[in-house]
Structures are given as structure tokens and as C-alpha cells.
Amino acid sequence: MSPAAGAQGGTFIRFRSGTVGASAQHVGYITRERAVVDREQGIVLHNMPAEVAAARDYDQLRENLAAHAGVREELEIAGHKARGEPRTHYRVTLGFERDVSSEQALGMAREWLEREFPKARGFATVHRDTDQTHVHVWIEARQVDGKKIQLSRRQHRGLDSTWNQIYSREMGRDPREREVKKEQTREAKRQGWQRQQRPEYPPRTRRGAQELAPRWDSREVAAQAGREGREAAAGTFLEQVRAAAGRDFREARSWEELERRLERHGLRVEARGAGMIVTDGRRHVKASSVDRDASRPKLEKRFGMSLTERGVQRREYEGVSPGVREVVGDLLALDRRGWLKEDLARATRDLEAARARVADHQWRRERAEQASRSFGRALAEVYRDPARARQAYDELARAKGADQAARELRERPEQFGHLQEVEQRRFFGLARTLDATQARERAGNAAELGREASAAAAALPRPAELSRASAAVRQAEGRVQRLGRMLERGPDTTRSRARIGVSMQRLLPREVNDLQRWITAPHRQLATEMQRAVGKMAPDYVRELVQWVRAPHQQLPTRAIQAFKGLMQDRGMERGSQ
């Protein structure tokens with residue numbers, strides 16, 4: 001069903017048959033915790049079995065719903081005997097033109113289900129992980145009475161009309177507006193078909209790549225979440241790859257360098273048909289999903305070598321001598337340690353930034369709550385019924401703005417409710433009157449506090465922002481801990497350099513020539529300097545150095561290491577891996 005053209009372009013309904021075999025995955029996607037920020041309060045069940053609803057927490061409810069969907073789909077497929085694929089479930093998306101509460105959104109979805117599918121099994125979840133609030137609905141194709149859902153063309157069109165009636169009533173709009181627009185669109189199409197030409201639609205402004213990039217990134221992550229079904233604390237596998245190796249895909253200058261960079265994260269690239277995937281041996285994502293410039297054709301063009309040729313080159317390297325491979329391995333270990341240090345520094349900065357965003361969100365929320373309480377106390381000094389006065393003020397602020405509402409409260413406070421009156425005695429105490437002068441004077445202070453409360457409420461973060469900020473902190477914390485453990489388990493820099501120098505002393509001239517082929521110019525310079533440093537050491541120190549690099553569990557020979565470091569410092573080798 002095509003999107004509905006709302007007055008502000010935000011309301012729509014989409015109804016379509018679900019993909020056969022993907023019912024449980026779709027349930028896992030629409031119930032993921034990052035999107036359903038309200039947990040149990042963000043989901044409503046419709047005719048679902050009591051065993052499914054009997055869950056101790058939200059995680060178990062997700063598992064029950066996914067298990068129910070998977071079993072029902074298997075039974076439907078097993079009993080299908082007609083031609084074509086069976087209809088196992090339906091997928092519905094309901095959109096809103098402005099932010100609404102979860103209770104209101106789910107109430108509208110529940111009413112729509114009860115009116116259109118009174119005997120069907122299903123559930124609805126409200127999502128707040130995007131800038132636009134929307135509801136996802138899953139409906140089982142077979143009803144509680146055992147009959148399949150059969151929709152005629154008229155009934156299919158009625159789904160949209162029913163939602164329009166519910167939506168227009170809740171949003172205070174005239175439902176005939178959208179019906180008129182739909183009829184105008186049908187008439188334009190009908191006239192165009194009669195003239196055998198394409199109908200004239202309003203001109204569209206196409207968005208550029210920079211505007212579309214955030215939506216593309218979000219769509220890829222959502223698709224991966226749907227494929228995985230369950231959600232890890234560190235996010236989807238695609239998000240983990242982007243956070244760990246996104247920079248590597250952009251900075252690598254050869255297939256070898258890309259493979260070495262990915263290796264420290266436990267990742268590798270593999271050919272898949274005409275494309276390429278990134279995998280950890282268990283899960284995988286398309287390389288083009290990690291970065292639009294990381295597709296196989298673009299990387300082959302940048303590296304000047306195809307992925308197939310790189311495979312041939314890798315097999316040739318397996319034929320070199322063990323001594324050469326040992327030196328190359330130590331050189332690459334120094335690179336990996338340097339990259340890990342950079343990763344840890346960057347992850348630490350990301351963690352600090354994520355915590356700062358959460359702290360800012362919390363501060364804005366506390367500010368809004370404090371401003372609201374102060375405004376409430378000020379209204380209690382002005383009105384007999386401060387709750388009703390607050391409701392009238394909020395309605396005027398939404399309709400005409402906070403400044404206009406504050407001005408009205410200051411100049412004409414009586415329009416928001418009955419003012420507090422003080423008894424005054426006159427004529428020597430013989431007469432008594434009620435005076436609201438004091439309440440009118442206090443209305444000015446209440447107006448200023450009302451403006452502050454409106455400004456603080458407008459600056460409140462959206463639930464989707466809160467959810468994303470909290471998820472970013474959890475992911476950043478996990479990444480910092482993981483990188484710290486990798487650095488602790490990694491090889492010692494001094495030991496790797498000493499091993500390079502010792503190994504270079506033992507290589508044959510032919511092996512040295514082979515080594516030049518498999519290392520870069522900075523690596524050649526480093527290996528030569530290590531060889532010279534070991535060559536200048538006393539024989540006793542060299543023997544201790546060899547014993548140490550061959551037996552890492554033994555105690556470090558201080559004199560030999562100090563002599564080796566001194567020779568490196570003389571040549572400026574302590575600046576890094578170079």
C-alpha cells in the first residue's frame with residue numbers, strides 16, 4: 001500500500017505480505033531493544049496465546065514471540081499444498097507526522113487491529129530509534145478460528161481508510177482531506193492512462209549523496225539487525241565492524257595492509273560471488289555495507305590488484321623460508337601494536353564523548369523537570385486549580401508559541417482559570433470583599449517561569465536520542481576494554497625488535513633478497529637497523545639476547561637488553577615502530 005500524503009508529509013501506512021521463511025527474523029528486528037525504548041510498555045499483543053504473553057521480562061517476551069512466529073511459519077509451510085509460496089505473515093508499518101506518546105500510538109494501532117483483523121493473531125511495537133515515531137505490526141496469516149486471512153481488493157483499500165479515520169480523529173484533522181487527495185491522484189492517473197502518457201506529478205528535488213548517507217547507514221544497520229534477529233550489547237555485527245575497522249578500509253593502501261589491519265580485530269575479507277564480505281568466521285556482512293567506498297571493485301581499483309591476484313600472491317608467500325616468515329611476522333607485529341595503541345586512544349576519546357552526550361541529555365532532562373516544578377508552584381500561588389491552568393497554558397503554548405502564552409498569562413491571567421482571591425475588610429470591618437490583585441501580580445513571575453519551562457521542554461532530547469546515546473556508551477566501553485586486553489596479550493615491542501635483529505643475522509643472502517620482496521621500505525630500514533644493532537653487541541650479550549627471545553618465560557637479561565636499547569637510541573630507533 002502506497003504512503004499516505006498527510007498534511008505535513010509524515011503519516012503513512014504500509015501493508016504487505018512477509019517474506020516466506022523470515023517471520024521469526026522480522027519479529028526479532030521489530031522487537032529489538034534499541035528501537036523499543038519503552039520495553040514492555042512499548043508493545044501490545046492482539047489475540048496472542050497466553051503462554052506467549054506469560055513472560056517474566058522483555059527479553060523472554062521477545063524470545064516467546066520469535067519462537068511462536070517461527071513455529072507457526074513452519075506449520076504453514078508444511079501444510080501448504082497449492083501452487084506458489086504460502087502466505088505466512090503480514091508486515092505493517094504505521095507512521096505519524098509528529099511525535100506522540102507510546103500509549104497513544106499503541107492505542108491507535110490496537111484499534112486498527114481490532115477493527116480490521118478481529119480474529120487474527122499479532123502484536124504491535126512502537127519505535128523511537130529514528131527522528132519519526134512509527135509502529136511496526138506483525139500479523140499471522142492464519143486466524144484463531146483456523147481460517148486464512150483473505151483480503152479482497154475493496155478490503156485491502158479499506159485498511160488505509162480505517163487508519164485514516166483513526167489517525168484523523170486522534171490528531172484533530174478532517175479525514176476527508178486525505179480522501180480528496182487520494183481521489184485527485186487516482187483521477188490524474190486515470191487521465192494519464194487514457195492519453196497513454198505518464199501522469200504529471202509535482203517536481204521532486206533529488207537529495208545529494210551527503211544527505212542520503214545517514215539514511216543509507218541506518219538502513220544497512222537495520223537490515224543487519226533483521227538478519228541477526230537478536231541484539232548484542234555491542235550492537236549488530238555491522239556496527240562492530242564499522243567501529244573497529246571502518247578507518248582501516250579508508251586508510252589501507254594495499255590488500256596486504258588491509259588484511260593485516262583486519263587481522264588484529266579477528267576479521268578477514270573473502271570473495272563472495274562477484275562481491276566481497278567481511279567475516280569473523282561465524283558472522284559476515286557485505287564489505288560495501290561497512291563503507292560505500294569499500295566495495296570489491298572500488299578497492300581493486302584503489303589497490304591496483306584484484307582480489308584473485310592477491311590470493312595467488314598469498315599462496316606464493318607460503319613457499320618462502322621459515323626464517324623470512326619469522327622476520328615478516330615480527331615486523332607486522334610491531335605495526336599491529338602501533339595500530340592497537342591508536343585504536344585505544346581513539347576509542348577512549350569516543351567513550352569520553354559518548355559519556356559527555358549522556359551527561360548533557362541528563363542535565364537537560366533535570367533542567368526541564370526543575371523548570372516544570374517551579375512553574376507548577378508559581379501557578380499554585382495564582383490559581384485555585386493550578387492543574388487545569390497548566391493544561392490551558394500548555395495548549396495555548398502549543399498552538400501559538402511559548403512567548404504568546406507567557407504574554408497572555410501576564411496580561412490576562414483570568415483566561416486560564418479562577419484566580420486566588422484574598423479577603424479584604426472595608427468600612428471599619430463591617431464589609432468584606434475578595435481581591436485578586438496579589439494573584440495578578442504573581443502571574444508575571446509565573447509567566448517568566450512558564451517561558452523557561454517551555455524552553456527547557458523544547459530542548460529535551462528525544463527518546464531515540466537517549467537510546468542511541470546510552471547504546472553508544474555501552475559499545476564504547478566494551479571496545480575500550482577489548483582493546484586494552486588485546487594490548488596486554490600482545491607481544492613485547494623490545495622482544496620483537498630483538499628477535500628481528502637476531503633473525504636477520506642468521507638469514508642467507510638468498511633469503512634476504514626474498515625478504516626485500518615481502519616488506520615495505522620502512523620495514524627494510526627497521527630490519528637493517530636491528531641487524532646492525534645486534535652486530536655491534538658483545539658475543540656474551542648476543543648469546544643472552546638469543547636465549548631471551550627463544551625462551552620468553554625466562555627472566556629478562558638486563559645487561560643485554562640495556563645494551564640493545566642503547567644501540568637503538570644511538571640510531572634514533574626508540575621513536576616508534578620505524
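Predicted model: local features only at pLDDT ≥ 70, side-chain atom pairs only at ≥ 80, totals over all residues.

A: Residues are numbered from 1 along each chain as its sequence is written, and side-chain values use heavy atoms, with hydrogens and water left out.

Among the contacts (heavy atoms within 4.5 Å) with a separation of 6 or more, 68% join residues 24 or more positions apart.

The sheet to follow closely is an open one, in which five strands stand in the order β1-β3-β5-β4-β2 with antiparallel pairing; two strands pair if DSSP finds at least two bridges between them. At its edges stand β1 (12-17) and β2, each of which pairs on one side only. From one strand to the next the twist averages 15°, where angles run from 0 to 180 degrees between N-to-C directions and axes are lines fitted to C-alpha atoms, for helices over the stretch in contact. Helix α5 (residues 153-171) packs on this sheet, where it touches β1 and β3, and its direction makes about 150° with that of β1.

Moving through the sheet, one meets strand β3 (residues 89-95), which is joined to β5 by seven bridges and runs antiparallel to it; in this pairing, H89 has E140 of β5 as its bridge partner. Strand β5 (residues 134-140) is in turn joined to β4 by six bridges, again in the antiparallel sense, and here I139 in β5 is the bridge partner of G122. β4 and β5 also form a hairpin, with six residues between them.

How much of strand β4 (residues 122-127) is buried? The strand is mostly covered, for six of its six residues are buried. G122, A124 and V126 point one way from β4, whereas F123, T125 and H127 point the other way, and all of them are buried. In a regular strand the side chains alternate between the two faces of the sheet. Another neighbour of β4 is strand β2 (residues 43-46), which is joined to β4 by four bridges and runs antiparallel to it; one of the bridge pairs links I43 to T125 in β4.

Elsewhere there is an open sheet of three strands, ordered β6-β7-β8 and likewise paired in the antiparallel sense. Its edges are β6 (268-272) and β8 (284-286), each with a single partner strand, so one side of each has no neighbour in the sheet. Neighbouring strands of this sheet are turned against each other by 35° on average, direction ignored. Five bridges connect β6 with strand β7 (residues 275-279) in the antiparallel sense, and R268 has T279 of β7 as its bridge partner.

Strand β7 holds I277, which counts as buried because its relative accessibility is 5%. Apart from its neighbours within four places in sequence, I277 is in contact with R268, V269, E270, R272, H284, V285, K286 and A287. The C-alpha atoms of I277 and R296, which are 19 residues apart along the chain, are separated by 8.8 Å.

In helix α15 (residues 402-411), the buried residues are A405, A406, E408 and L409. They cover an arc of only 160° around the axis, which puts them on the same side of α15; the arc is that of the directions from the helix axis to the C-beta atoms. Among the elements that cover these buried residues are α13 (322-380), α14 (386-400) and α16 (437-458).

Definitions and conventions:
Helix = DSSP H or I, 4+ residues; strand = E, 2+ residues; numbered from the N terminus. Buried < 20%, exposed > 50% of the residue type's maximum accessible area, 1.4 Å probe, protein only.
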